[in-house]
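Q: I'd like to learn how to read disulfides and strands in a structure. Could you walk me through a case?

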Amino acid sequence: PIMHWMYLLPEVQLPRIPNLDPEYYGKPGGVSHLLGVHGFLSPKYKERKSRTAYEIHAILRNMTFPPPPYQYKWLRPKGFLTTDTYKTYGNASDWVDEWHNMPVSDCQQWKKETVVSPVDTDVLVKDTPTTTPIPSNKSIAYITYGYLKPGSEPRFEMFIKGALETWLQGNDLYYVLNLQFQEKLESICMQEGYQEICSRLYPIYVQCTERYYGASPCCKMEQGLLKMIQEHDNYEWYVYQDDDMYIRTDYLEEFVKPLPSHEAMVLTAKPTRELGHTWDGDHRLRNNCSSHVDFKYPWGQPIIYSKPALQEVSNGFALKAMSDICQKFGITHDVGNPILHWMYLLPEVRLPTIPARDTPSYGRIDRPSPLMGMHGFGRPNGRTTRNTTDVHQAFSQYTYPTPPYQYTWHRPKGYMQTETYRLYGNASSWKDTWHTIPISDCQGPVHDPWSNSSTST
C-alpha cells in the first residue's frame, strides 16, 4: 500500500472478501455478496469456524452473485504530493536509478500549506445514476457494430452515445469494433460526458477488413457473435442490429415473454423475400433466386437469436460461413444472414413492424403505436431525418400494444430440396468445412416442393 500510494495509483474497491472465515455467507440458494474469503482454517482464532477450501467452495457454489450494474468506488489519494520526499525527488514513477523511501515523518502529517489540484477527487463513485431506470428484464443482450475512422465521431455521438442515453438506459450495449480502433474508443471514453455511457459499453474487438458494405460487416457479425456466445452465454436472447436502430425495449421484453427461449429460433421484423435480395439493384433477377415460399427468408435487420439458435449457428461463424456467403452472393451482412439461417432451417418468428427508414407518422397519438422501433433514421434520404433523441421523444408519447400478441412462425424447408443438402446434409452437422450453396441451389427446388405450408400463426 505504501508503494502504491507513492506511485499515486488509483484503486478500485472490490466487493467484500472477509479476512477470516465468516459465520454467515448468505442465504443458501440465494445471493452472496462476498467475492471470496481469506484466512480460513486459521488456528489463531479457534473460537471461529475454520472451514476447509472444499467446504467454502460447496457453500458458495450454491449461491449466485449479484448481477450488474455494479457500483465502483475509486480512491486516488494525493497525500504523497504533499510530502518532503515528493518536493525533493518528484514523482516516484520518474525514478530510474534510485529509490527514495519516504521517512516515517512524511506519513504522519499532511502539510496543509501544499496546494493540490481539486480536479482529482479523493473518492469518486462511478455507477449508473440512481435516476436511471433499471430494466425489469436482463435476459436480452443488445449488440451492434461500428467503426471509428477519422470523421466518424458524429456517428458515434448520435447512435452509440445516443442509444445508451435514450432507449438503452439501464441496459448494456456490446459494441463490435475492429481492434485497430481500441485506442480511439478508449480516448473517447476518457472525455467529459462519456464516463457513464462507457461504463455500459462493452467492446468486442475483432480483426476484419474495414469497409461499409460487403465482406467487412459480414466478418464483424460472425466474429462478434461468436465471441459473444463464447464469453457472454448468460442471456436468453441476443439482438444484433445496425447502429442506426431504435428498439422499444419494454415492448420487446413483453413480446418475447411467452416464447420458448429454450428452443432454437430467430425473430425478424421484415417480410419474407427472395434470398440474396438487396437494395443494390434487383438481386432476385441477378441471382434468379426462387420466389417460392420455401426459398424465401426475411431480411435480417435486426436479427434476434434465442440462445440455442446462436449456439447452433456459432459453428458456422467459426467456419467463416457469413464471409463465404457474402462473397459468393455479392451481398452484405443483413442480406447474407437470411441465407445462413435458411441453410440451418431455423424457424423464424415475425416481430412487429420496424420501418427501414424514419417515418413521418408513428401512429395515432390517442392509440398505442404498433411499431417495435425504427431503423435508418438520421439519414439525408428525402424523408424525415430525426436523430436518436428525436425518435425517443416521439415514441415516448405512445404506449405499446398490450398482450396477448399474435405470433407468426415461418420455417422454410427449401434447403432440404437442394443439391447441397443432398450432398452434405444438415448444416448444423458440419464440424470442419462449410459448404455455401451455389447460386443455382437458390433458384428452385431439385425436387417438387412439399405441399404443406411452412407458415403458421
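A: Gladly, and keep in mind that this is a predicted model.

Q: How many disulfides does a search of the whole structure find?
A: The search finds 4 disulfides. One of them links Cys189 and Cys198, with sulfur atoms 2.0 Å apart.

Q: What parts does the pair of Cys289 and Cys442 tie together?
A: Their sulfur atoms are 1.9 Å apart. Cys289 lies in the loop between helix 9 and strand 11, and Cys442 in the loop between helix 14 and strand 16, so the pair ties together parts that are 153 residues apart in sequence. Both cysteines are buried.

Q: Now the strands. Which way do the side chains of strand 12 point?
A: In a regular strand, side chains alternate between the two faces of the sheet. In strand 12 (residues 303-306), Ile303 and Tyr305 point one way, Ile304 and Ser306 the other, and all are buried.

Q: Which residues stand opposite Tyr305 and Ile304 in strand 12?
A: Tyr238 stands opposite Tyr305, and Leu267 stands opposite Ile304. Strand 7 runs antiparallel to strand 12, joined by 4 bridges, while strand 9 pairs with strand 12 in the antiparallel sense over 2 bridges.

Conventions:
Residues are numbered from 1 along each chain as its sequence is written. This is a predicted model: local features need pLDDT of at least 70, side-chain atom pairs count only at pLDDT 80 or more; totals for chains, interfaces and linings use all residues. Side-chain values use heavy atoms; hydrogens and water are left out. Buried means under 20% relative accessible area, exposed over 50%, partly exposed in between (1.4 Å probe, protein chains only). Two strands pair if DSSP finds at least two bridges between them. A disulfide is a pair of cysteine sulfur atoms within 2.5 Å.
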